[in-house]
Amino acid sequence: MITIKTKEEIEKLREGGQILAFVLDELKKMVAPGVEIMALDQKAEELIAQAGGVPSFKGYKGYPNAICASLNQEVVHCPPAPRTLKEGDILSLDCGVKYKEMFTDSAITVPVGKISPEVEKLIKVTKECLDRAINISKPGATIGDVGAIIQKHAEENGFSVVKSLVGHGVGHAVHEDPRIPNYSEAGTGEVMKEGMVFAYEPMVNVGGSQVDFLPDGWRVKTKDDSLSAHFEHTVLITKNGCNIITKLNS
Ligand code: MF3
Ligand code: CO
């Protein structure tokens with residue numbers, strides 16, 4: 001069942017979304033060659049606590065940290081490890097905040113120092129996939145429309161989408177119905193209504209779409225060891241369109 005959020009719940013999501021957007025923005029500014037991944041996790045913990053929130057991933061099904069920090073060929077869900085960032089890496093940072101009992105979820109992929117034009121293109125196209133999904137979202141659009149536009153844009157650019165992991169509903173919990181695949185047929189799937197809240201999260205690979213789930217039970221990497229990028233926003237379906245809940249208000 002897809003829940004419709006009340007005005008009060010939406011207000012709490014907006015506040016929590018600002019905390020999460022601020023945290024990811026601060027982490028992004030820290031990313032540079034020589035930086036320790038563990039330091040990013042500590043910073044996220046600190047900033048979320050200062051803002052009166054709770055890191056929602058920590059303890060979720062036993063997940064150990066506030067953020068996921070997935071490097072290069074890693075796709076998602078990597079617990080921060082004692083690793084030092086180096087020039088040319090790409091780092092996907094995924095974070096969730098619980099604030100006043102409401103959950104938001106967002107991710108970005110950030111270059112470490114200078115990266116090649118090909119890798120820049122991967123990051124740009126993945127972000128565009130998310131933007132396009134948001135732009136078509138409104139009451140009457142379907143979950144399949146989202147998957148279709150993400151897949152089309154990724155594949156037109158010579159990349160592939162990960163199919164064994166999906167976006168999702170969000171708000172009262174880290175994950176809610178529906179599942180939101182990053183591939184689909186337009187016009188299929190659940191119909192969007194005002195007050196629904198979704199986490200869209202395109203995961204795009206330079207090579208094939210297949211991934212390996214590593215034995216620690218968390219880490220996911222591309223099967224062919226190609227690079228992978230991930231962007232995610234929590235979004236609200238409004239009367240006429242869609243609002244980004246996890247975008248920093250300037
Ligand atoms: N954004 C990630 C997802 O929706 C967050 C997973 S929670 C974690 O899959 F605990 F696995 F990190
Ligand atoms: Co998510």
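This is a predicted model: local features need pLDDT of at least 70, side-chain atom pairs count only at pLDDT 80 or more; totals for chains, interfaces and linings use all residues.

Student: Which residues coordinate the cobalt ion (ligand 2)?

Tutor: The cobalt ion (ligand 2) is held by Asp105 (OD), His168 (NE2), Glu201 (OE) and Glu232 (OE), at 2.1 to 2.2 Å, and along the sequence these donor residues follow the spacing D-x62-H-x32-E-x30-E. Because Glu201 sits in the loop between β9 (197–200) and β10 (203–205) while Glu232 sits in the loop between β13 (228–230) and β14 (233–237), the pair ties together parts that are 31 residues apart in sequence. Glu201 is buried, with a relative accessible area of 6%, and Glu232 is buried as well, at 0%.

Student: What is the geometry of the site of the cobalt ion (ligand 2)?

Tutor: Ideal angles at a metal are 90 or 180 degrees for six octahedral donors. Here the angles among the 6 donor atoms run from 70 to 169°, and the site is irregular.

Student: How is the burial pattern of a helix read, and which residues of α3 are buried?

Tutor: An α-helix has 3.6 residues a turn, so residues three or four places apart point the same way. In α3, the buried residues include Val119, Leu122, Ile123, Thr126, Cys129, Leu130 and Ala133.

Student: Where does α3 lie relative to the strands?

Tutor: Helix α3 lies across β10 and β13, running at about 35° to β13. Those strands belong to an open sheet of 3 strands in the order β6-β10-β13, with antiparallel pairing, and its edge strands are β6 (160–161) and β13. β10 and β13 pair over 3 bridges, with Met203 having His230 in β13 as its bridge partner.

Note on methods. Residues are numbered from 1 along each chain as its sequence is written. Chains are lettered from A and ligands numbered from 1 in the order in which they are written. Side-chain values use heavy atoms; hydrogens and water are left out. Donors are N, O and S atoms within 2.8 Å of the metal (3.2 Å for Na, K and Ca); water is not among the atoms, so sites may look incomplete. Four donors count as tetrahedral if all angles lie between 85 and 135 degrees; four count as square planar and six as octahedral if opposite donors are over 155 degrees apart and all others between 65 and 115; anything else is irregular. Helices (H or I, at least four residues) and strands (E, at least two) are DSSP runs, numbered from the N terminus. Buried means under 20% relative accessible area, exposed over 50%, partly exposed in between (1.4 Å probe, protein chains only). Two strands pair if DSSP finds at least two bridges between them. Contact means heavy atoms within 4.5 Å. Axes are lines fitted to C-alpha atoms, for helices over the stretch in contact, and angles run from 0 to 180 degrees between N-to-C directions.
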